[in-house]
Amino acid sequence: MRRRCLFLASRAAKERLLLARTSPAAKALSSAAVSTEHQTYDTLPPPAPSESTSSQAPSSATFAGGVELPLTSSLHIVKAESQPRWPVYRVIDTDGALVPGAMEPELSTELAMHMVTCMVRLRVMDHIFYNAQRQGRISFYMTSTGEEATQICSAAALSGGDTVFGQYREPGVLMWRGFSLQNFADQLFSNTDDLGRGRQMPVHYGSSKLNFQTISSPLATQIPQAVGAAYALKQQKLAQVVACYFGDGAASEGDFHAAMNFAATLECPVLFICRNNGYAISTPVEDQYRGDGIVSRAPGYGMAAIRVDGNDALAVFAATQEARRLALAENRPVLLELMTYRVGHHSTSDDWSRYRMTEEVKDWQSHNDPLRRLLAYLHAKGLCDADMEQAMRDTERLAVMAALEAAEKKGPPPLQSMFEDVYRDMPQHLLEQRAEMLAHVAKYPDKYPQGRGH
Amino acid sequence: MPDCHESYIVNSQSCRPDLLTILNSAAGLNHSLLLSLTANLCRFTAINSAMRVALQTDPTATVFGEDVAFGGVFRCSVGLKEEFGASRVFNTPLSEQGIAGFAIGYAAMGGTAIAEMQFADYIFPAMDQLVNEAAKYRYRSGNEFNCGGLTIRAPCGAVGHGGHYHSQSPEAYFAHTPGLKVVMPRDAREAKGLLLASIRDPDPVIFLEPKALYRTSVEDVPDGDYEVPLGVAQVLRAGADVTVVGWGAQLRVLAEGCDMARARDGISCELIDLRTVLPWDAATVAASVRKTGRLVVSHEAPRTCGFAAEVAADLQERCFLHLQAPVARVCGYDTPFPLVFERHYAPDALKVYEAIKKAVNY
């Protein structure tokens with residue numbers, strides 16, 4: 001009875017305090033209190049100092065599942081904003097200079113130059129294909145501008161045998177693995193050489209040879225799939241991981257939650273690589289979540305995690321390399337949140353000027369560009385100069401144009417292939433429907449694009 | 001009775017010995033072989049036996065879902081974890097979309113994934129993974145990748161007191177999805193053969209198990225490794241006056257309806273089990289309808305856009321000149337599955353009998 005009275009008394013005191021805090025004068029006080037708390041608590045409040053009546057009370061107890069948890073008599077609700085923010089791992093600054101105290105990852109000249117070449121190639125490719133869409137030559141496109149490092153430098157830290165599941169803004173990963181400009185162009189033009197046989201929208205790439213699972217439009221569906229794939233790798237005792245890419249918006253899908261939880265409980269060697277670029281189409285992150293980004297969710301799932309400057313090529317490379325090592329060594333998932341900025345439109349069907357300020361975009365372009373940062377770093381090392389950079393751009397421009405023109409000239413896949421691959425073997429009803437369609441098109445050859453056959 | 005989940009025992013009177021004999025003899029299996037191989041069902045279940053064979057014959061095969069490690073809420077995976085290890089038979093967190101996504105990824109790496117949804121009623125959170133992902137995986141990648149090693153098992157159908165969320169038959173939702181195969185066995189022996197065929201099929205399969213059969217179907221099931229082919233319907237009994245088509249547990253109801261029609265009115269029914277709902281065996285049904293001139297299709301699921309609608313529409317196109325009566329559908333009503341009115345809701349033998357009589361007397 002006495003304890004109950006104490007409890008009520010202490011709750012009444014808290015309520016009085018809450019009331020007091022609602023007055024404007026008290027607000028300053030309370031925010032001061034919060035900031036003090038911020039410094040005091042590292043994570044959660046420590047158990048309250050025991051009162052005289054409970055001096056013999058245990059400091060912890062066992063709960064369901066045999067979990068031993070600390071006890072506290074302090075009625076303290078933890079607010080997310082009182083938790084420390086996750087720091088961003090950075091190796092080079094926005095001018096490409098080594099951050100004091102940072103350790104440079106082991107990166108051979110050859111690898112560094114391949115990285116920068118790939119980033120230039122991706123940027124040039126985006127520029128040309130974006131304009132090709134504007135001219136109506138392809139139906140759709142999505143650029144990676146500003147996010148080249150998140151793709152290329154994480155891919156550089158993986159092994160070629162590692163399996164990749166992507167969202168759609170990861171062509172740099174494929175490019176790093178050797179997907180040719182012709183491969184890209186053929187997919188964009190849905191021609192007969194498209195590995196996907198012309199069935200999906202542009203930028204939905206995939207290649208079994210390069211262990212890059214084919215992209216699909218539904219967001220986040222690939223995340224639990226990546227976990228299942230990683231489980232398969234673990235079972236086969238292959239020293240490989242799965243790398244799964246997604247954006248900050250996709251992380252709001254239920255499949256993200258399912259995947260994190262499955263990966264942790266089933267102990268899968270998978271890297272979850274989140275590209276946090278600030279926007280999901282027009283939705284800024286403050287409408288997407290209220291926690292400390294995506295990385296702060298990892299501990300809730302019992303998962304290892306790191307937040308990285310996504311525009312810092314070296315940081316992305318080093319973090320991915322270390323995460324991969326950890327995932328393999330301990331058969332556990334690691335979440336990487338790569339902080340970046342989507343400089344381009346969401347897609348060719350979007351106009352960013354309707355929901356964000358030009359200054360904001362310009363600022364990122366001019367002050368925090370992943371390619372410029374890496375180039376500056378290589379400059380300082382004497383590995384690259386402005387002439388080399390220009391030569392790279394010129395070479396890539398010619399190569400992209402050549403691939404585009406070649407892709408445009410190739411015809412579409414054969415018409416009957418529309419019915420193939422629904423199942424491994426074509427069932428009777430599809431055989432019938434195919435015959436029906438071909439007969440119909442043969443009857444009206446002038447009314448259909450492939451009426452004259454291919 | 002064997003080790004049963006007591007709350008899911010249905011009226012065993014619907015499981016009459018003479019009917020079982022008919023269904024068994026129609027199964028088309030070699031009986032001398034059966035005699036040497038059979039073990040009485042329900043030691044565990046036919047499903048358990050099929051999964052055991054799959055795990056024995058395929059080192060990549062895994063069994064997972066909610067509560068499968070201890071044997072499953074319907075005891076379908078009893079003993080498998082002990083026999084094959086916790087890395088191959090394991091619990092997942094409680095998330096159907098996670099189970100389906102995980103299974104697709106495992107299959108996409110070439111593995112055989114046998115995933116369980118605890119009830120077909122709870123498969124809907126996985127709908128996106130199954131319809132947008134599993135079904136289209138091969139097609140959209142130009143056959144660069146596939147998830148053909150995937151089988152999703154889900155207990156379905158009426159059980160006597162399952163209410164809204166322990167009674168549904170969702171086959172028609174999936175039958176509308178190119179790329180999936182949808183299978184529903186009528187009894188234990190069929191269940192084992194069809195499940196093994198589904199697990200080994202190169203395409204993703206939704207395998208719906210009428211849960212009413214888990215405990216009532218007491219015929220012998222071969223112990224060994226056998227398959228019942230997918231996409232092939234089976235004529236369970238030949239008849240001259242009317243073709244009666246169904247799948248899953250409804251076959252027992254249909255057989256009873258046919259018995260009534262013969263006993264009371266001398267009507268000769270040709271009874272067909274579709275077995276595979278997608279892709280379905282239209283040719284076998286059409287051949288029957290050309291002979292009988294009448295068709296009754298029946299399922300537990302609601303009538304509107306139920307799979308009977310597809311069968312009826314397709315058969316009237318194929319057999320228009322042979323039809324002597326409108327195609328009849330005997331289905332669940334277009335309501336959620338009710339609790340207290342289940343016996344009124346069910347497309348039972350009497351309703352089937354009435355439809356048969358009406359078709360013949362049209």
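Visitor: Helices here are DSSP runs of H or I with at least four residues, numbered from the N terminus. On that basis, where is the place of T150(A)?

Guide: In this predicted model, T150(A) lies in helix α4 of chain A, which covers residues 148–156.

Visitor: Is T150(A) buried or exposed?

Guide: T150(A) is buried: its relative accessible area is 0%, and the cut-off for buried is under 20%.

Visitor: Beyond its neighbours within four places in sequence, which residues is T150(A) in contact with?

Guide: With those neighbours left aside, T150(A) contacts Y245(A), R275(A), G310(A), V316(A), L338(A) and T340(A).

Visitor: And K237(A), buried or exposed?

Guide: K237(A) counts as exposed because its relative accessibility is 74%, where the cut-off for exposed is over 50%. K237(A) sits in the loop between α7 (222–235) and β4 (242–247) of chain A.

Visitor: How far apart are K237(A) and Y301(A) in space?

Guide: Their C-alpha atoms are 24 Å apart, and 64 residues separate K237(A) and Y301(A) in sequence.

Visitor: On to helix packing. At what angle do the axes of α3(A) and α12(A) cross?

Guide: The axes of α3 (residues 109–134) and α12 (residues 370–380) of chain A cross at roughly 150 degrees and come within 10 Å. Angles over 145 degrees count as roughly antiparallel, and α3(A) and α12(A) are therefore roughly antiparallel to each other. The crossing of α3(A) past α12(A) is left-handed.

Visitor: Which residues meet there?

Guide: From α3(A), the residues are A112(A), M113(A), M115(A), V116(A), M119(A), V120(A) and R123(A). They meet P370(A), L371(A), L374(A), L375(A) and L378(A) of α12(A). By class, the residues of this contact comprise 11 nonpolar, no polar and one charged.

Visitor: What span does α5(B) reach?

Guide: Helix α5 (residues 96–108) of chain B has 13 residues and reaches 18 Å from first to last C-alpha, close to the 18 Å expected at 1.5 Å a residue.

Visitor: How many of the residues of α5(B) are buried?

Guide: In α5(B), 12 of the 13 residues are buried, so the helix is mostly covered under the cut-off of under 20% relative accessible area. The buried residues include E96(B), I99(B), F102(B) and Y106(B).

Definitions and conventions:
Residues numbered from 1 in each chain as written. Chains lettered and ligands numbered in written order. Predicted model: local features only at pLDDT ≥ 70, side-chain atom pairs only at ≥ 80, totals over all residues. Heavy atoms only, no water. Axes fitted to C-alpha atoms, helices over the stretch in contact; angles between N-to-C directions. Helix = DSSP H or I, 4+ residues; strand = E, 2+ residues; numbered from the N terminus. Parallel < 35°, antiparallel > 145°, perpendicular 65-115°, else oblique. Left-handed = near helix turned anticlockwise from the far one by under 90°. Contact = heavy atoms within 4.5 Å. Nonpolar A, V, L, I, M, F, W, Y, C, P; charged D, E, K, R; others polar. Expected span 1.5 Å × (residues − 1). Buried < 20%, exposed > 50% of the residue type's maximum accessible area, 1.4 Å probe, protein only.
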